[in-house]
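Subject: Structure for your review

Dear colleague,

Please find below the structure that I promised to hand over. My findings follow it, and I would be grateful if you would read them with the structure open.

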Amino acid sequence: MHANTSINDRRRHRGANPLVWIAGAIGLIIVALALVWLIAGTDTVLGWFGLADDAQSVGDESGVNLSEVSDNPDAMYGHTVSVSGGVQEVVSPHAITIGSDQIIVGDTVLVVSAGDLPALLEAEVGDEPDDIALLVTGILRPFDREAIAEEVGVALDDEELDYDGEAVIVAQEIEVNPPNLGPGDTERQGPSAGFDVGTDISDIVENTEAYVGETVTVSGEVERVINPHAFLFGDAMVLAISAEERDNIFVEPTAYIRGTVQMFDQVEIEEQLGLDLDDEQFAEFDGKPVVIVEALDLVK
């Protein structure tokens, strides 16, 4: 009897082994996925499944989206960012939250503005803020009610704004329902209003004299950044120069440019724009067309 019992016990143990191995394998897979998620980041992992909310970014932080601002704000504090999303909640007359309506990517970010936000939203779309898309440009900071109130120049409600230590965008510009951006959508597919391309950049290269002195709207992918005032864009690598320092220029996005076409003359352009251009960097452009930037929009 004792021998039979021992044999049965061994059989039970052998029968349980496959289940133990399966449970162990599942555990290892879960741990591995967790490590990949932590190392690669939320947006990268979600991007593999087509779920990342790739928000439009213009500012000195390239490729910023709502998840990045929400998940890793420390790396962007003090920088100008531009993110887009749907209005989630009107917290106070000077504060709202924006976010993504996607099921998994449900991050929200607080936006504080000196302007009357309910009035802004109502003026654009009626009485209700539901189903409104915003493109917000401003400085990302950790929320400190007194410091933020002083920065925007308005009083902030103590009870409603209980966001201490969380990320907040101090808005410099808010665009309501920008073109090609729907409620809760976070990816713009085209330029803002006023950047309707009317000229092909290749035409300017091939027939420069016909365009000299003309104001044009052109577009092309940014190919090389020379300095904060100058970059090359389009397949023809045309030079664009801006009097305004633009820290938001980076390689790859499409630049939509409204500006005047000139033949490059370094001395003349330095006087015209009040710049001091490096002789070695710009020598290759003498006698070639250049677009003097008046307005610029970047679409990633």
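A residue is called buried here when its relative accessible area is under 20%, and exposed when that area is over 50%. On that basis, 44% of the 300 residues of the protein count as buried. Please note that this is a predicted model.

Overall composition

The protein contains nine helices and ten strands. Among contacts with a separation of 6 or more, 64% are made by residues 24 or more positions apart.

Confidence

The average pLDDT of the protein is 76, and 70% of the residues score at least 70. Of its elements, β8 has the highest mean pLDDT, 96, whereas helix α2 (residues 42-48) has the lowest, 45. Over residues 40-63, pLDDT stays under 50, and the model has 76 contacts beyond four places in sequence for them. Residues 182-186 also stay under 50, with 23 such contacts in the model. Where pLDDT is low, the predicted coordinates should not be read in detail.

The nonpolar cores

The largest nonpolar core has 20 residues, of which Val111, Leu134, Val136 and Ile169 touch the most other members. Two or more residues each come from β1 (80-92), β2 (95-99), β3 (108-112), α4 (117-125), β4 (133-142) and β5 (167-176). The largest share, five residues, is that of β5. Leaving aside residues up to four places away in sequence, Val136 is in contact with Val81, Ser82, Val83, Ile98, Val111, Ile169, Ala171, Glu173 and Ile174. There is also a second, separate core of 18 residues, including Val218, Phe233, Ala255 and Val291.

Helix α8

Which residues of helix α8 (residues 266-273) are buried? They are Gln266, Ile269, Glu270 and Leu273. Viewed down the axis of α8, these buried residues fall within an arc of 105 degrees, and therefore line one face of the helix. The buried residues of α8 pack against β8 (238-242), β9 (254-263), α9 (279-282) and β10 (289-299). On the other side of the helix, Val267 and Glu271 are exposed.

Both ends of α8 can also be described. At its start, a side-chain oxygen of Asp265 comes to within 3.2 Å of the backbone nitrogen of Val267. After the helix comes Gly274, which has a positive phi, near 70 degrees.

Two buried threonines

Thr199 lies in the loop between β5 and α6 (201-206). Its relative accessibility is 13%, so Thr199 counts as buried. Beyond residues up to four places away in sequence, Thr199 touches Ile204, Tyr211, Val216, Thr217 and Val218; Val218 is also included in the second core.

Thr208 belongs to helix α7 (residues 208-211). Thr208 counts as buried because its relative accessibility is 11%. The side chain of Thr208 reaches the backbone oxygen of Ile204 at 2.7 Å, and Ile204 is also one of the residues that Thr199 touches. Not counting residues up to four places away in sequence, Thr208 is in contact with Asp203, Met263 and Pro289.

Yours sincerely

Note on methods. Residues numbered from 1 in each chain as written. Predicted model: local features only at pLDDT ≥ 70, side-chain atom pairs only at ≥ 80, totals over all residues. Heavy atoms only, no water. Core = buried A, V, L, I, M, F, W, Y, C linked by side-chain atoms within 4.5 Å. Buried < 20%, exposed > 50% of the residue type's maximum accessible area, 1.4 Å probe, protein only. Helix = DSSP H or I, 4+ residues; strand = E, 2+ residues; numbered from the N terminus. Contact = heavy atoms within 4.5 Å. Polar contact = N/O pair within 3.5 Å; in protein donor to acceptor, adjacent residues only side chain to side chain. Arc of directions from axis to C-beta. pLDDT = per-residue confidence, 0-100.
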